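Here is a brief report on one protein model. It covers the fold, the domains, the contact between them and the salt bridges.

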Amino acid sequence: MEKACEAFLKGRAVQDGAHDLGHVKRVVSMARRIGEAEGADLGVVVPAAWLHDCVSVPKNSPDRAFASRLAADEAVRFLKGLGVSGDTLAAVHHAIHAHSFSLGKPPETLEARVVQDADRLDAIGALGIARCFLTGGAMDSAMFHPEDPFGRHRELDDRAYAVDHFYAKLLTLKDTLHTGAARREAERRHGVMELFLDELERELSV
């Protein structure tokens, strides 16, 4: 099934470099690791991780909040063609639908929590920093506000300034994770982002 999922994704459009096949493979690997540690059903976790971004909706699209539902629907259509059963399809659909940060839908199963945690871990740490600026470039965002780079005296606007995205989202993700395995990894990755921002401030003050 995994080879079929990979082949399916290779034939679809990628919204940006931060949501490419490399991102998907990292989420699959992390979801498998967390799922094994937490005793989740990998028959749900693994296909949901492979297909969680199978529908491409740009970050700045007004339809972005619907992306995870569209991906869940498309994943079910694809998996039905592979002969996946109804109970598994429903569980995969929920795991994909609930993984989205912008949607704010609570994950109701262990498998959905695992997939959401794995996806959010790839958004923080060194990889998260790289992906943040890659996405910012794709959206024609500036790196940071020229007078107030860290948003201390203005309203945050992470569509206009990439550094704002750390404060609007990335630094909050650690406290949204559900599983012990993910929370332990998130502590380290969160620290990497804090160190980066401290160094950025130091360099800007020279």
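## Fold

Read along the sequence, the pattern is α-α-α-α-α-α-α-α-α. The protein has 9 helices and 0 strands. The radius of gyration is 17 Å, close to the 17 Å that the globule rule gives for 206 residues, so the protein is as compact as a globular protein of that length.

The model is predicted. Its C-alpha atoms fill a box of roughly 60 × 35 × 25 Å along the principal axes.

## Domains

The protein is divided into two parts: domain 1 covers 1–104, and domain 2 covers 124–205. Their C-alpha centres lie 24 Å apart.

## Interface between the domains

How many residues of each domain are in contact with the other? On one side, 14 residues of domain 1 take part; on the other, 16 residues of domain 2.

The size of an interface is often given as the accessible area lost when the parts come together. Here domain 1 and domain 2 bury about 1200 Å² between them. Carbon and sulfur atoms account for 65% of that area. The side of domain 1 that touches domain 2 has 5 nonpolar, 5 polar and 4 charged residues.

## Salt bridges

For the protein, the count comes to 15 salt bridges. One of them joins Asp-122 to Arg-26. The closest N and O atoms of Asp-122 and Arg-26 are 2.8 Å apart.

This pair links distant parts of the chain, 96 residues apart. Asp-122 sits in the loop between helix 6 (110–121) and helix 7 (125–138). Arg-26 lies in helix 2, residues 21–38.

Note on methods
Residues are numbered from 1 along each chain as its sequence is written. This is a predicted model: local features need pLDDT of at least 70, side-chain atom pairs count only at pLDDT 80 or more; totals for chains, interfaces and linings use all residues. Side-chain values use heavy atoms; hydrogens and water are left out. Domain bounds come from an automatic or database domain assignment. Contact means heavy atoms within 4.5 Å. Buried area is the accessible area (1.4 Å probe) that two parts lose on being put together, summed over both. Ala, Val, Leu, Ile, Met, Phe, Trp, Tyr, Cys and Pro count as nonpolar, Asp, Glu, Lys and Arg as charged, and the others, Gly among them, as polar. Helices (H or I, at least four residues) and strands (E, at least two) are DSSP runs, numbered from the N terminus. The radius of gyration is taken over C-alpha atoms; the globule rule is 2.2 Å times the number of residues to the power 0.38. A salt bridge is a side-chain nitrogen of Lys or Arg within 4 Å of a carboxyl oxygen of Asp or Glu.
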